[in-house]
Amino acid sequence: MTGSGGAVSSVDRDASQVGIDGPARGGTAADAAVATAAALGVTEPYSAGIGGGGFLVYYDARAKKVSTIDGRETAPATFTENTFRKPDGSAMDFNTVVNSGLSVGIPGTPALWAKALRDHGTLSFNEALKPAERLAAKGFVVDQTFHDQTAQNAARFSKFPETARIFLRDGQAPAVGSVFTNPDMAKAYRTLRMQGVDVLYRGRLGEAIVRESNAPHTAPGVSVMGGQMTMRDLAAYQALTKAPIHSQYKGLDVYGMPVPSSGGIAVAEILNLMKAYEDRTGKATSQVSDVDYLHRFSEASATAFADRNRYVGDVPNVPVSELINPKFAAERACSFDPTRAQPRPIPFGSPDGSYTSCTPGTTAQPEPYEGHSTTHLTATDRWGNVASYTLTIEQTGGSGITVPGWGFLLNNELTDFNFTPLTPGVPDPNLPGPGKRPRSSMSPTILMKDGAPFLSVGSPGGATIITSVSQTVLGYLDRDLSLVDAIAAPRLSSRNGSSEGAEPAFLASPAAARLGALGHALSDAGEIGAVTAIHSLGQGRFEAAAEPVRRGGGSAMVVQPTP
């Protein structure tokens with residue numbers, strides 16, 4: 001949709017409508033982002049909500065500055081790098097940890113909402129959450145995606161009586177077309193907005209979270225591990241303002257999320273590598289065939305993930321400036337072969353500031369696991385403020401644990417830590433630790449042109465977020481695709497594993513077979529991502545775009561539509 005006055009794009013029509021009402025009444029992009037996110041907690045409760053966390057990248061038009069807010073969950077103060085290991089040092093079973101209180105991190109989403117409104121909004125916390133409370137109380141119409149996600153999680157939801165009570169109707173997923181209400185979640189929003197965010201971090205809502213995560217209620221015969229969260233952990237939590245990752249691509253300034261997210265770094269490195277491949281081959285990305293473009297994209301993505309896995313985490317001295325240095329990308333591009341895929345996994349590089357040789361790395365690491373849920377929204381207002389916001393409870397349905405009486409699921413974010421070192425003898429930046437934030441792939445991104453907003457973009461999808469955002473940006477900038485077509489294009493996600501994930505439509509294309517002939521091992525990854533984006537056209541006009549098909553199709557709105 002194209003028009004003026006402000007724009008919102010999300011994966012859900014009800015949430016986008018809640019969000020667009022803010023700019024329509026004179027609110028800011030921050031107001032719209034928080035209201036939309038709260039509504040997504042109602043209609044996308046398996047992807048985001050009060051019990052999760054996220055990252056916001058924000059352009060303040062008055063200050064002419066991009067900043068970020070880190071609302072990532074944290075580990076309890078008692079966590080160590082051995083928390084997810086058995087006595088013999090081996091890793092605990094992953095799914096056992098997911099479906100337990102031990103996977104639950106201290107929620108960051110409510111703190112991020114409060115900070116975003118304080119720093120950039122005009123609405124009070126009370127006002128911003130009212131529409132979500134109303135939506136939870138009155139209900140929304142169940143679509144195929146909500147039904148399917150519920151059905152796919154029904155077995156594990158049934159292990160937790162409160163989750164089964166809230167989300168399963170007579171033990172089954174709600175029927176498509178039925179109205180789904182969540183009075184308990186409405187109560188949670190009402191309590192938050194009336195009593196303020198401290199009711200979660202220092203009050204009775206936090207006490208309920210601590211009790212349930214430490215001793216989850218389970219069905220008869222079911223036993224799960226408890227967590228280690230305390231009220232002191234909740235009281236210590238802060239949503240943090242951080243400087244963004246800032247790189248450049250073909251005259252555009254690219255702003256992304258810093259650590260503990262790897263998204264800003266990895267997207268920057270992918271774009272830098274694509275430019276380095278142009279320089280090495282003398283052929284622009286816009287001029288090569290689809291197969292050659294996708295080959296380049298796959299190699300760039302796998303290379304960036306090799307470096308991300310080795311160096312990025314919530315630890316001191318991450319070599320950020322070197323990882324996003326075009327000279328480092330030029331060195332990494334030395335291994336690029338236009339006619340053949342590099343063997344996977346690609347060894348990580350040496351971002352040491354000395355880029356005079358083309359000596360390839362020697363140590364390769366396996367691909368770590370990361371859940372594929374999450375949600376994303378983008379918002380702008382009449383003043384030119386821009387929000388790109390990704391939020392999550394980790395995998396679809398989070399930990400599976402619902403807080404009794406409050407109607408929202410708790411995250412399983414702490415399983416984003418590596419349980420054991422990825423490679424013996426190689427430092428791992430993503431092991432658990434006290435108060436530590438697990439590494440993320442969330443990639444809310446804002447591109448600027450000549451000092452003004454140009455494109456805001458992001459996606460859900462776990463580790464595939466990085467590739468979905470990069471592929472959308474490249475499709476739009478370099479492959480002559482419209483914004484909607486760049487979002488809808490069949491996806492490839494090469495993350496330096498033994499195979500490269502691809503959507504069924506991609507696997508059915510002629511390009512897939514030709515990539516196979518180049519040595520790419522493709523596998524069916526099902527649906528990948530659900531991008532939302534807004535192109536700022538200048539003079540107060542916007543083009544908002546969302547998925548036409550994935551997750552049942554998204555919703556893009558503007559305040560005043562024009563042809």
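## A tour from salt bridge to pocket

Start by selecting R344 and E500, whose side chains meet in a salt bridge at 3.3 Å, N to O. This pair links distant parts of the chain: R344 is in the loop between α15 (326-332) and β9 (375-381), E500 is in strand β14 (residues 500-502), and 156 residues separate them. Both R344 and E500 are buried. Keep in mind as you look around that this is a predicted model.

**Next stop: more charged pairs.** Side chains of opposite charge can pair when their charged atoms come close. In this model the count comes to 23 salt bridges. Select E162 and R165, which form one with a distance of 2.6 Å, N to O. Both lie in helix α7 (residues 161-167), 3 residues apart, or about one turn of the helix. R165, at 47% relative accessibility, counts as partly exposed.

Now pick D14 and R13, whose side chains form a salt bridge at 3.4 Å, N to O. Here R13 is exposed, with 54% relative accessibility. Then select R72, E73, E413 and D416 together: salt bridges link them in a network.

**On to the strands.** Select β3, residues 65-71, a mostly covered strand with 6 of its 7 residues buried. Strand β2 (residues 53-60) runs antiparallel to β3, and 7 bridges join them. In the hairpin of β2 and β3, 4 residues sit between the strands, and K64 takes a positive phi near 55°. Strand β6 (residues 240-242) is also antiparallel to β3, joined to it by 3 bridges.

**A buried arginine.** Select R551, in the loop between β17 (541-546) and β18 (555-561). R551 counts as buried, at 11% relative accessibility. Look for T374 as well: its backbone oxygen lies 3.0 Å from a polar atom of the R551 side chain.

To find it, select V18, D21, R25, P131 and R134, the closest to its centre of the 20 residues that line it. Colour α1 (13-24), α2 (29-43) and α5 (125-138), the elements that each give two or more residues to the lining. α1 gives the most, with 7 residues. By type, the lining residues divide into 7 nonpolar, 5 polar and 8 charged.

Note on methods
Residues are numbered from 1 along each chain as its sequence is written. This is a predicted model: local features need pLDDT of at least 70, side-chain atom pairs count only at pLDDT 80 or more; totals for chains, interfaces and linings use all residues. Side-chain values use heavy atoms; hydrogens and water are left out. On a 1 Å grid over the protein atoms alone, a cavity is a set of points where a 1.4 Å probe fits but cannot get out, and a pocket is an open set with protein on both sides within 12 Å along at least five of seven lines; lining residues have an atom within 4 Å of a point. Ala, Val, Leu, Ile, Met, Phe, Trp, Tyr, Cys and Pro count as nonpolar, Asp, Glu, Lys and Arg as charged, and the others, Gly among them, as polar. Buried means under 20% relative accessible area, exposed over 50%, partly exposed in between (1.4 Å probe, protein chains only). A polar contact is a pair of N or O atoms within 3.5 Å; within protein, one must be able to donate a hydrogen and the other to accept it, and residues adjacent in sequence count only if both atoms are side-chain atoms. Two strands pair if DSSP finds at least two bridges between them. A salt bridge is a side-chain nitrogen of Lys or Arg within 4 Å of a carboxyl oxygen of Asp or Glu.
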